[in-house]
Each structure stands twice: as C-alpha cells, then as structure tokens.
Amino acid sequence: MAIEEGVRAVEAGMTTDFSEKMDYGSYLALDALLSAQHPISDHHDEPLFIIQHQTTELWLKLALHELRAVRSSLDADDVRRAGKGLARVKHVFRTITDQWSVLATLTPSEYTQFRGVLGNASGFQSHQYRAVEFILGNKNEHVLQVFDARPHAHDLLAELLDAPTVYDAFLRFLARAGHPVPEHVLHRDVREAWVEEDSLLPVYKAIYEDTAAHWAEYAICEDLVDLEDAVQLWRFRHLRTVQRTIGSKPGTGGSSGVAFLRRALDLTFFPELYAVRTVIGA
C-alpha cells in the first residue's frame, strides 16, 4: 500500500508494542498530570487559569531542586557546577515570566465570571515560591502559619528557615578562597532575612576591580545578579498581569492586590552586588 503523501511513516525499528514496556505517557505519569485540572465553574477560561499556575508550580519545583544543588556545589567549592545551576534557574524564571503573556489574554470580564469559585485561594499561598524566596534569603518565619494546615509545606519551609541560603554558601566560599568576609557575616543567624551588609562592599570591590585574579568569584557574582534580575522581572510581569486583569481590587487571599505585589519589587536578595557598582573605580 502506498504511503499517503505528507504522512510520516512509522520506521521499522520503532517500538510500537508497550503492553509490557514503559512508554512516554507512563514515564511522565501523564494520566495523573493531565487529569489534575478540575475546573469548578463551567467557564471556558478557567482551564487556562489552572494550567498557568500548575505549570508555574512545576517550574518552581525545578528551581528549588537546582538551588539546593547550587548551595551544595558552593559548599564543595565547585563553582563551575554552581554557575551552571544558577544559569538554569535564571532561565526557569525567564520561562515563567513569558508565561504571563498567556494569562494576560484573560480579560477582566472573562475572569470575573469565574473568580468567585477561587474562594480564598491565592498565589501568596504557593509554598514552593516561598521556599525559593527562603533559600535565596528572603525569610519570614511568620509565613509558616499560612501552611499550618499543610504539614508537608510547613515542614519544607521550616527546614529552609533553619538552613543557610545560597548567598550564605557563596560568602563562605569566598572566605575559604581567602577573601576577607567579616566573621559576623559568616556566623549570622540564618533564620533572619538578609539585610544589606556594607562591610561586604570592599570584598566585592576587590573582586570586580581585578577580575583576572578572581574570575571564578566574579562569574558567580554576575550569575547571582542575573538570577535576581530574572526574579524581579517575573515579579513585575506578575504585577502588571494582575493590574490589567483586576485593577485595584483586593486579592482573593485577602491581600491588597497590586499594592502588595508592588512592595515585593523593593525586595532584593543580593543588595551588595548592586551597591558595589557605585564604588567600582572610585
């Protein structure tokens, strides 16, 4: 029988019998993944809203997985592997930033027709996003109470609250490499959110003004700046998408909505890496 023009034939060596073999769908658990969308309304656009947030959660899971590995690599002085991991997380955030353009096709009139079924569900309750913020340095013990009813999420955040951040690991790496990182920085209370530490500026100034001698350290500094920029762009695109969809309405979880998201733009993970730019060459 002739093959219809334009139809790609199954090649002779391709496996077609999966009665006793793993196939694509089983490996990816597609039956579970593709049946995990449960719209509460019958509105056409609710699946878009659900899938947008579910895919973001999958990418956040990967980001957290990579950031844990970055921290371990820095602890082992393996800066090349740490840099690769930071680059991957940067691209994860670029991807979920681009995803906002899909949700932005949801108009205000469309969203209002099913927004009520969300109840108090809100992105603020994403424990994985909080976990990413914790491991990058934006810790807040009071956030844990949001997850009292979800022990797994609560335990994950409690673990990260008590653990050093990626930035702590980097500063300890710098100290082992001979840079004069102050002792009080190396022994800080890792449960506290990071606040700008002016005593680090001379350390970073020396690195940036002699990159040939400190290339590995300099490269990680720039990787961290790339990552922070990517996170900030995600935050900004989140704000703008919410603003175009609900205006100044309160968030479903009880927040002030756009005003709450705008305040997040003032948060920074690695403030000294931006502040040092003012003193380089001075």
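## The largest pocket

A pocket is an open set of points on a 1 Å grid over the protein atoms alone, where a 1.4 Å probe fits, with protein on both sides within 12 Å along at least five of seven lines. This is a predicted model: local features need pLDDT of at least 70, side-chain atom pairs count only at pLDDT 80 or more, and totals for chains, interfaces and linings use all residues. Residues are numbered from 1 along each chain as its sequence is written, and side-chain values use heavy atoms, without hydrogens or water.

The largest pocket holds about 1600 Å³ of space. Its lining (residues with an atom within 4 Å of a point) has 50 residues. Nearest the centre lie His53, Ser122, Gly123, Phe124 and Gln125. H3 (46–75), H4 (79–103), H6 (127–136), H11 (215–246) and H12 (258–264) each supply at least two lining residues. H3 gives the largest share, nine residues. Helices here are DSSP runs (H or I, at least four residues).

## H4 against H11

The axes of H4 and H11 come within 9 Å and cross at roughly 15 degrees. H4 is therefore roughly parallel to H11 (angles under 35 degrees). The residues of this contact divide into 16 nonpolar, five polar and four charged.

## Aromatic pairs

The whole structure has 13 aromatic pairs (ring centres within 6.5 Å). Phe49 and Phe114 form one that is edge-to-face (planes over 60 degrees apart). Their centres are 5.8 Å apart, with 70 degrees between the planes. This pair links distant parts of the chain. Phe49 is in H3, and Phe114 is in the loop between H5 (108–112) and H6, 65 residues apart.

Methods:
Points joined across faces, edges and corners; volume = space filled by probe spheres on them. Axes fitted to C-alpha atoms, helices over the stretch in contact; angles between N-to-C directions. Parallel < 35°, antiparallel > 145°, perpendicular 65-115°, else oblique. Nonpolar A, V, L, I, M, F, W, Y, C, P; charged D, E, K, R; others polar. Phe/Tyr/Trp six-rings, centres within 6.5 Å; stacked < 30°, edge-to-face > 60°.
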